[in-house]
Amino acid sequence: MGEGNKRKKVSFDFYQVWKIHNDQEQIFDFDDWCELMNTYKEEVNDRNIGYNGDIIRCNKIYVTSEDKNPLTILHFLRMRRGTVPAVANLKLPDLDDVKLKSDEYIAEDVSALFDSTNYVLMLQKNIFSLSVKALQQYVNYFWNENKSDDEKEEIEFRPILRKDSYKRIKKTNKINSFSFKTANLVKPKQSKFKSSIQNVIDSIKGYDGISVEVKISTTRSKTSVLNAKEVHDSVKEIVDNKDLFKKAVVVSGDGGHSEPIELLKEKLSCVREYTIPMKAFLNPEVVEQDMIATYSPNYNTNYKKIVDENLSTN
């Protein structure tokens, strides 16, 4: 990697697309929405809508590998109309405005991949761009445009949850922290648990509390870890009593870095790394080609196989 480049890690989450109408729900072929946009909203300006003072747009939609395992690729933009970053000089204390024309904006983007064989959306995460909630609002705006109230349908992106979280936690040896949150315990469970969870639950009796959230962590020392057996015993009891818990997270240090593993509702995701020239944006075409190579069964990585294995959790 040259001095003029930097490495950037990018996360991708996986969702299954659903449609709700009159309290009835079914899996939705998102290609229908893509076809609508390409047919009736061909001009990019027709795809612009306001969102929290900014402008958002589906920038492009195209199909790749049409002959074998086709996938639909989408690119979304968020264009800032409000406050934008300033320009600074290494030798001067003053800040300057970014010089933009009247029709130019600072833009943040995300790319997405849709697989019509399992109705799965692979979505790039960018905290400065569009959240899943914002994208859903955008999609529903155009899907329901010009429809009467009784015709409107809600398109929803539902996260795909991992099935192997418990197995992954059982394999952890170096545990940096363990946290959990109980559901409402209207009647504190008397001796329900054999692990230290019982001590925590007993501790709220004097407060007349009905729920508790706790985090047990180590010092900042790399050699400091929690008692793995005690954590594993507690995790096993949480798995056996899922209705009594809202959340449980184990942070593993086995890989040389902190890796949070959410026991109850861990979203399926993957992380990719890219080389970006300094003072340049991450090229969406690079991201999209990598998404295709990562997900598609046409390549060795074939993340689709992992996705399909976890779909039944929903």
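Me: What makes Cys270 buried or exposed?

Reply: Bear in mind that this is a predicted model. Cys270 has a relative accessible area of 8%. Buried means under 20%, so Cys270 is buried.

Me: What makes the pair of Phe14 and Tyr303 stacked?

Reply: Two values. The ring centres are 5.1 Å apart, and a pair needs them within 6.5 Å. The planes are 15° apart, and stacked means under 30 degrees. Both Phe14 and Tyr303 are buried.

Me: What does that pair tie together?

Reply: Phe14 lies in strand E1 (residues 5–21), and Tyr303 lies in helix H7 (residues 303–310). The pair therefore ties together parts that are 289 residues apart in sequence.

Me: Why is the pair of Phe30 and Trp33 called stacked?

Reply: Their ring centres are 5.2 Å apart and their planes are at 5°, so the pair is stacked. Both Phe30 and Trp33 are buried. They also belong to one aromatic cluster, along with Phe76, Phe114, Tyr138, Tyr141, Phe142 and Phe157. The count of aromatic pairs comes to 13.

Me: How do you know where the charged end of Arg158 sits?

Reply: It sits over the ring of Trp18, 4.5 Å from the ring centre. The distance limit for that label is 6 Å, and the charge must also be within 35 degrees of the ring normal.

Me: Which strands form the open sheet, and in what order?

Reply: Four strands form it, in the order E12-E11-E13-E14, with antiparallel pairing. On average, neighbouring strands of this sheet are turned by 10° against each other, direction ignored.

Me: What makes E12 and E14 edge strands?

Reply: Strand E12 (213–217) and strand E14 (259–262) each pair on one side only.

Me: How do you know that E13 and E14 pair?

Reply: Strand E13 (residues 245–252) and E14 share four bridges, in the antiparallel sense. Pairing needs at least two bridges. In E14, Glu259 is the bridge partner of Ser252.

Me: What does helix H5 touch on the sheet?

Reply: Helix H5 (residues 228–240) packs on the sheet and touches strand E11 (175–182) and E13. The direction of H5 makes about 30° with that of E11. Ser234 lies in this helix. Ser234 counts as buried, because its relative accessibility is 3%, and buried means under 20%. Leaving aside residues up to four places away in sequence, Ser234 touches Phe178, Ser195, Ser196 and Ile197.

Me: What joins E6 to E7?

Reply: A hairpin, through two residues. Strand E6 (residues 86–89) and strand E7 (residues 92–97) run antiparallel and are joined by four bridges. The cut-off for pairing is at least two. Asn89 stands opposite Leu92 in E7.

Definitions and conventions. Residues are numbered from 1 along each chain as its sequence is written. This is a predicted model: local features need pLDDT of at least 70, side-chain atom pairs count only at pLDDT 80 or more; totals for chains, interfaces and linings use all residues. Side-chain values use heavy atoms; hydrogens and water are left out. Axes are lines fitted to C-alpha atoms, for helices over the stretch in contact, and angles run from 0 to 180 degrees between N-to-C directions. Contact means heavy atoms within 4.5 Å. Buried means under 20% relative accessible area, exposed over 50%, partly exposed in between (1.4 Å probe, protein chains only). Rings of Phe, Tyr and Trp (its six-membered ring) pair if their centres lie within 6.5 Å; planes under 30 degrees apart count as stacked, over 60 as edge-to-face and the rest as tilted.
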